[in-house]
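Have the viewer open and follow along.

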Amino acid sequence: MSDQHPSLHPSEALKNLAEVELASISMAERAEPSRPFMIALVAIISTVMALIHAVPWGVSLSIFGLGIPLGIWYFMTMRMRPKSRTILSHSGPYMRYALLMMLITQVGRFWEAHLWWEIGAKWIVVFVLLYFCISRMRSAAIKNRVKDANEHSV
């Protein structure tokens with residue numbers, strides 16, 4: 001019997017598998033929006049949600065207009081990256097956090113803040129909760145993308 005494929009020691013095989021998994025996770029992370037982008041997006045949404053009852057609509061729309069340069073930044077950074085494979089269906093945790101995020105925005109609309117300290121408290125609460133949801137959605141999407149890539153061959 002020829003020895004074309006020498007067997008690896010189990011610890012070497014585990015190390016190689018761990019390297020492959022880390023590489024696939026880092027590739028999946030590059031396919032998702034970056035954390036600074038998500039923080040800026042959540043900050044804009046939180047600011048609009050906190051000021052929605054305290055300032056006129058024009059001010060809220062102008063703050064929301066900050067999303068246009070943010071969208072251009074996202075488009076420019078994402079087009080430099082290789083196109084990611086489409087996920088056929090999102091995972092259960094992803095959808096739960098998406099629904100929780102929508103619920104938070106709706107509950108945030110019911111909280112009418114008019115004083116400066118109420119506006120600040122509302123901004124902090126909405127920012128923390130939305131960032132929690134969107135970061136968990138990002139993690140679930142990355143896990144789902146890696147799992148999908150492992151299950152389906154190219």
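## Ground rules

A residue is called buried under 20% relative accessible area, exposed over 50% and partly exposed in between, using a 1.4 Å probe and protein chains only. Helices are DSSP runs of H or I with at least four residues, numbered from the N terminus.

This is a predicted model, where local features need pLDDT of at least 70, side-chain atom pairs count only at pLDDT 80 or more, and totals for chains, interfaces and linings use all residues. Residues are numbered from 1 along each chain as its sequence is written, and side-chain values use heavy atoms, with hydrogens and water left out.

Start with α5, which covers residues 92-110 and has 19 residues. From first C-alpha to last α5 reaches 27 Å, close to the expected 27 Å; the expected span is 1.5 Å times one less than the number of residues.

The buried residues of α5 are Tyr-94, Ala-98, Ile-104, Thr-105 and Gly-108. They sit on the same side of α5 because their arc around the axis is only 115 degrees, taken from the directions from the helix axis to the C-beta atoms. Turned away from that buried side is a face with the exposed residues Arg-96, Leu-99 and Phe-110.

## A nonpolar patch

Phe-110 turns up again in a nonpolar surface patch, together with Leu-100, Leu-103, Val-107 and Phe-132.

For a patch, residues need over 30% relative accessible area and no salt bridge; like charges are joined within 9 Å, and nonpolar side chains (Val, Leu, Ile, Met, Phe, Trp, Tyr) within 5 Å. A salt bridge is a side-chain nitrogen of Lys or Arg within 4 Å of a carboxyl oxygen of Asp or Glu. The biggest contributor is α5, with four residues. Val-107, also in α5, is partly exposed at 47% relative accessible area.

Ser-46 counts as buried because its relative accessibility is 0%.

Ser-60 lies in helix α3 (residues 57-64) and is buried too, at 3% relative accessibility. Leaving out residues up to four places away in sequence, Ser-60 touches Val-48, Leu-51, Ile-52 and Val-55.

Definitions and conventions
Helix = DSSP H or I, 4+ residues; strand = E, 2+ residues; numbered from the N terminus. Areas by Shrake-Rupley, 256 points an atom, 1.4 Å probe, with all protein chains shown as cover. Contact = heavy atoms within 4.5 Å.
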